[in-house]
Amino acid sequence: SSAVAACSSNAATETTMHAITVTALLPWTSFAAPRSAPRCRQLATLRTTRPLCGLREAGDEAHSSKKRHVALMFGFRGTGFYGLQSQSAEGTPGQPTVSDALRRALLDAGAVLPSNFSPLTRTKWTLASRTDKGVHAARAAVSLKMETLDSQLEPLLSPLLDTSGTLPGQFEPLLSPLEPAERAAGPPPQPRLALTAAAVAEINSHLPPEVRLFGGCTVRKSFHCRECASSRSYEYLLPASALGGMGVAEFDAVLSTFEGSHKVHNFCSGLRGKGWGCWEHDGESWPLALDPSRRQGAAFAYRSVLFCGVHRSVVLRGQEHLVLRIAGVSFMLHQIRHMIGTALAIAHGLVPRDTLALALRSPLQVDISPLAPGAGLLLDEIRWFDLGKRAEDLAFPPSAHAAAEAFKEASLYPHIAERLASEESLERFLGRMRDSFGGAKHYSAADYARLRRVNAGLAEATLPGHFLD
């Protein structure tokens, strides 16, 4: 018989990543909110002369700038930054973020008025995602109210909204069939404008070389860069030698296990509940990580992974590196790094392969996911696909994507490979992983057998209201 009983957990201790000393690349003083002139005189002057300084054409001086809702695509090398997002408009002393650098550049270029620099709500500043300290991005995005002149915008040549109803394959499992009338419902799309190459270059002239703006375009008034995002794709650069004795095809198959909608409490930081006791079955028990008494109570633990696998290989520093690609609707804290760590633990023979699928289905606490180094991770792309209308809500110009790809190939990949080699962060991680999965901290073969039996008993339980797979 099965029952829930209180017991203490002897779960394995999660491996922690060695702290990396980060040297601030940008001085704090550059992010201080600017001193403002008297407001009336300031606005009267700036609205006719300030937007994107140096780019005004003949006749522009006679017309005031217009604050438009735009989305910007940018990339960055995360080394030296304390993540992407700032905690406030003024930033944190001694802890520069990518947002600090970008907002200061927009201010200096005249795209944001000094009077609107703080608070962030004045410009509706909204990032599409967050990245951890030291993580990189090829195509990050932000939406904001931006000061522009007509001469700094041009028609967006590529169509933004696909009205044919064609659906990208990775989104098909998330949708139920819609009638054509339902897909066509809603107002017609508004014409979109894109920042000119000169406008992008002007903003880049105020950015450090580690941060690059690739393009921008206007968006609808109600557009929210984070909430409207339909998927996010990440890449992880991994030396092929890190697989141990496992082949690339087998490693790709291990990674593909993460695809689909699963519970991810065993593969992220800070999601596991405490005090749920253990699940008992035939005199054996195993710690619970989720509340077993309510189905709805664990809905937050689910995430949908659209793709997870080996995307391609590249040669860097004379060594083959695998580009792992992970795409999903959204991710929890450190989820991707825990997923990569789990796959590496399996590749090195430290975790039985069948335990991965078990840990994705079960509310039990299964500690098999060491945290892989953040140095190999980069945000590659964000999409804004309207699932109701089956159309793209936002798509940047092809020139922006081409610039982002060039930045990734020429700057991000070599930088990541150099960091992994010079700082030996991956080698240290693999060494600690082998150590932490040995001795008392590692599940024994008997532990894994007990886990399988207890989980089988949990799956067979039919108690009403209990949260089962």
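Helices (H or I, at least four residues) and strands (E, at least two) are taken here as DSSP runs, numbered from the N terminus. The structure is a predicted model, in which local features need pLDDT of at least 70 and side-chain atom pairs count only at pLDDT 80 or more, while totals for chains, interfaces and linings use all residues. Residues are numbered from 1 along each chain as its sequence is written, and side-chain values use heavy atoms, with hydrogens and water left out.

The chain as a whole comes first. Its secondary structure comes to ten helices and 15 strands. Of the 469 residues in the chain, 53% are buried, where buried means under 20% relative accessible area, exposed over 50%, and partly exposed in between (1.4 Å probe, protein chains only). Contact means heavy atoms within 4.5 Å. Among contacts between residues at least 6 apart in sequence, 82% join residues at least 24 apart.

H334, in the loop between β13 and α6, has a positive phi of about 65° although it is not a glycine. H334 is partly exposed, with a relative accessible area of 22%. Just after α6, G349 takes a positive phi of about 75°.

Within α6 lies G341. This glycine counts as buried because its relative accessibility is 0%. Leaving aside neighbours within four places in sequence, G341 is in contact with P370, A372, F429 and M433. G341 and F267 are 74 residues apart in sequence, and their C-alpha atoms are 9.2 Å apart in space.

The crossing is right-handed. A crossing is called left-handed if the near helix is turned anticlockwise from the far one by less than a right angle, and right-handed if clockwise. G341, L344 and A345 of α6 and F429, L430 and M433 of α9 make the contact. By class, this contact has five nonpolar residues, one polar and no charged. For these classes, Ala, Val, Leu, Ile, Met, Phe, Trp, Tyr, Cys and Pro count as nonpolar, Asp, Glu, Lys and Arg as charged, and the others, Gly among them, as polar.

Helix α6 also meets helix α5, residues 248-256. Their axes come within 10 Å and cross at roughly 135°, which means that α5 is oblique to α6. Angles under 35 degrees count as roughly parallel, over 145 as roughly antiparallel, 65 to 115 as roughly perpendicular and the rest as oblique. The crossing of α5 past α6 is right-handed. F251, V254 and L255 in α5 meet I340, A343, L344, I346 and A347 in α6. This contact has eight nonpolar residues, with no polar and no charged ones.

Another helix pair is α7 (residues 353-361) and α10 (residues 445-460), with axes that come within 11 Å and cross at roughly 35°. Their crossing is left-handed. D354, T355 and L358 in α7 meet Y448, L451, R452 and N455 in α10. The residues of this contact divide into three nonpolar, two polar and two charged.

Some single residues remain. I203, in helix α4 (residues 197-204), is buried, with a relative accessible area of 0%. I203 and A111 are 92 residues apart in sequence and 8.4 Å apart in space, C-alpha to C-alpha.

Most residues other than glycine have a negative phi, and most peptide bonds are trans. R317, in the loop between β12 (302-316) and β13 (319-328), has a positive phi near 55°. R317 is exposed, with a relative accessible area of 59%. The peptide bond from S118 to P119 is cis, with omega near 0°. P119 is found in the loop between α2 (98-109) and β3 (126-127).

Definitions and conventions. Axes fitted to C-alpha atoms, helices over the stretch in contact; angles between N-to-C directions.
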